[in-house]
Amino acid sequence: MASRGPRIQALDLPWLLQLIFLFSTFMISSCYSPPLRKIPRLSILQRPITFRNHSNSVAVRHRFRTYFYAQTLDHFSYEPASYTTFLQRYMVSSMHWRGALAAAPIFVYLGGDESLEESIGSIGFLTDNAQKFGALMVYLEHRYYGKSIPSRDNMQDIYNTTSLGYLNSGQALADYADIILHLKRNLSAEASPVIVIGGSYGGMLAAWFRLKYPHIAMGALASSAPLLYFDDITPSDGFHSVVSDNFREASESCYNTIKKSWSEIDRMVLDQDNGLDMLTEKFRTCEPLEDGDELELKTYLENLYITASQYDDPPTYPVSQICNSIEEAAARGDDTIDRIASAVNNLTRPGENSGRCLELSSELRPSDDTVNGLNWLWQACTELLMPIGRETNETMFQAEPFDVDSYSRMCRQLYQGSRLRPNWITTYYGGHHIRMTLEKFASNIIFSNGRRDPFSAAGVLTNISPSVVAVTTSQGSHCLDILPARINDPRWLVLQRNIELGIIAGWIRNYYNDLRFYSTEK
């Protein structure tokens, strides 16, 4: 179980465990009234339920070497304390690099809210394409994640708002700028063009890096980057509307069954003395459900549907798996709750695991370490506020509007002295009137999205200029285009990746033309 730091002595441990999960996948609402909105985590690899299988042997096959850079703690202050350093981890492979003399490109993956091990094992865009570009491959770990944590030996700093105050996207971008320039100097590769790549939160970082540091990164691929989910640019219910549309497209009866199930669960608990016992039996939970546990069950089901939609990858397509199970149960004459339970059992405990009970608490708890979960929580409690809610009953979920006051109170209770800055992202990076703004000064950014990804509701989905382009697929899921290519990938996914590669190749050709032009102009 997670230990508590000095700032949260007043909180009981079960509540803390829920809170850690709350931002690792989405918020658990059972501990507050009115309930907090459930905020999905920006992550390339979902954690509670395994729909993907990525190997960490990539580092060995591609001869990556691990380094640590003495990183400045505070890039934006000149006080003596700001010059404190910490070790930031990154990995480099020169296996396919044509070298500095050829001004060969450098592909840099900007890590998000995950450890470097997760990045290197799951992001295939670099390793799949470095050889054809003759590119150096670099994976950077985000400050305060994985092993790039200041003062990790003193765990009190992890919960201390003074230390966590240095955890924000602006500092992370400055870190990346520092390391990239350090690498280029050490490799005498000042002329090598840099392409930054990121997905989800890292996708936002990639786009923002190109905007903030155009002299360092020549282009950016921002995959599944919901950079318009801030400051009410995107409707609050956009995320859950996409999830609902995905299930409705798979099966109208499946959609209606899920939509009806919430009130059926409530009715069983309220109207039947043994309602919780019946739910325990139907879902085969490991522990008997007690008063209030129906909220945990509903949270689990919401997470199941959201995760299936966000990561609706070929060839398994979990949304279709869920709906097929629901329809098969309906054909047998099962009632609404039995249909849902059948889908849960078939999806999460297939084959030889079919006899296993459903452990709601372990399914809800993130598999990454507590530090990563709490540090993402800090970011969501300060600058990365996405007001995702359900204002009406028009989705397949029960209405639950986003409550910024409850959200802010929870954050202040956990991080004493912290303050939510809901408008800072759009102040620092922009977002409003994005077409008019980026058309005037931005260039060389690809915004890629799969429209089945709920976060695509807040993505850039249309071209802004000839060089700030949107590459979308109607079937794609969250960050699917930058995952490792597989031999059975569908044609539309292969085409999406080829379009992105063609655009990047064009950027690099233009860069070399400019390089020759300006070198002869001297």
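**Confidence, a disulfide and helix packing**

Tutor: This is a predicted model, and the protein averages a pLDDT of 87, with 86% of the residues scoring at least 70.

Student: Over which residues is the pLDDT below 50?

Tutor: Residues 1-37 have a pLDDT below 50, and this stretch makes 110 contacts in the model beyond near neighbours in sequence. The pLDDT is also below 50 over residues 47-55, a stretch with 31 contacts beyond near neighbours in sequence.

Student: How many disulfides does a search of the whole structure find?

Tutor: The search finds 3 disulfides. One of these pairs is Cys254 with Cys323, whose sulfur atoms are 2.2 Å apart; a pair counts as a disulfide when the sulfur atoms are within 2.5 Å.

Student: Is the disulfide of Cys254 and Cys323 left-handed or right-handed?

Tutor: The torsion about the S-S bond is about -70°, so the disulfide of Cys254 and Cys323 is left-handed. Because Cys254 lies in helix 10 (residues 252-271) and Cys323 in helix 13, the pair ties together parts that are 69 residues apart in sequence.

Student: How does one describe two packed helices?

Tutor: Two values are used: the angle between the axes and the distance between the axes. For helix 10 and helix 13, the angle is about 85° and the axes are 9 Å apart. The two helices are therefore roughly perpendicular to each other, since angles of 65 to 115 degrees fall in that class.

Student: Which residues make the contact of helix 10 with helix 13?

Tutor: Helix 10 contributes Ser253, Cys254, Thr257 and Ile258, while helix 13 contributes Cys323, Ile326 and Glu327. By class, the residues of this contact comprise 4 nonpolar, 2 polar and 1 charged.

Student: At what angle do the axes of helix 13 and helix 14 cross?

Tutor: The axes of helix 13 (residues 318-331) and helix 14 (residues 336-348) cross at roughly 135° and come within 8 Å. That angle makes helix 13 oblique to helix 14. The crossing of the two helices is right-handed.

Student: Which residues of helix 13 and helix 14 meet?

Tutor: On helix 13 they are Pro318, Gln321, Ile322, Ser325, Ile326, Ala329 and Ala330; on helix 14 they are Arg339, Ile340, Ser342, Ala343, Asn346 and Leu347. The residues of this contact divide into 8 nonpolar, 4 polar and 1 charged.

Notes: Residues are numbered from 1 along each chain as its sequence is written. This is a predicted model: local features need pLDDT of at least 70, side-chain atom pairs count only at pLDDT 80 or more; totals for chains, interfaces and linings use all residues. Side-chain values use heavy atoms; hydrogens and water are left out. Axes are lines fitted to C-alpha atoms, for helices over the stretch in contact, and angles run from 0 to 180 degrees between N-to-C directions. Helices (H or I, at least four residues) and strands (E, at least two) are DSSP runs, numbered from the N terminus. Angles under 35 degrees count as roughly parallel, over 145 as roughly antiparallel, 65 to 115 as roughly perpendicular and the rest as oblique. A crossing is left-handed if the near helix is turned anticlockwise from the far one by less than a right angle, and right-handed if clockwise. Contact means heavy atoms within 4.5 Å. Ala, Val, Leu, Ile, Met, Phe, Trp, Tyr, Cys and Pro count as nonpolar, Asp, Glu, Lys and Arg as charged, and the others, Gly among them, as polar. pLDDT is the predictor's confidence in each residue, from 0 to 100.
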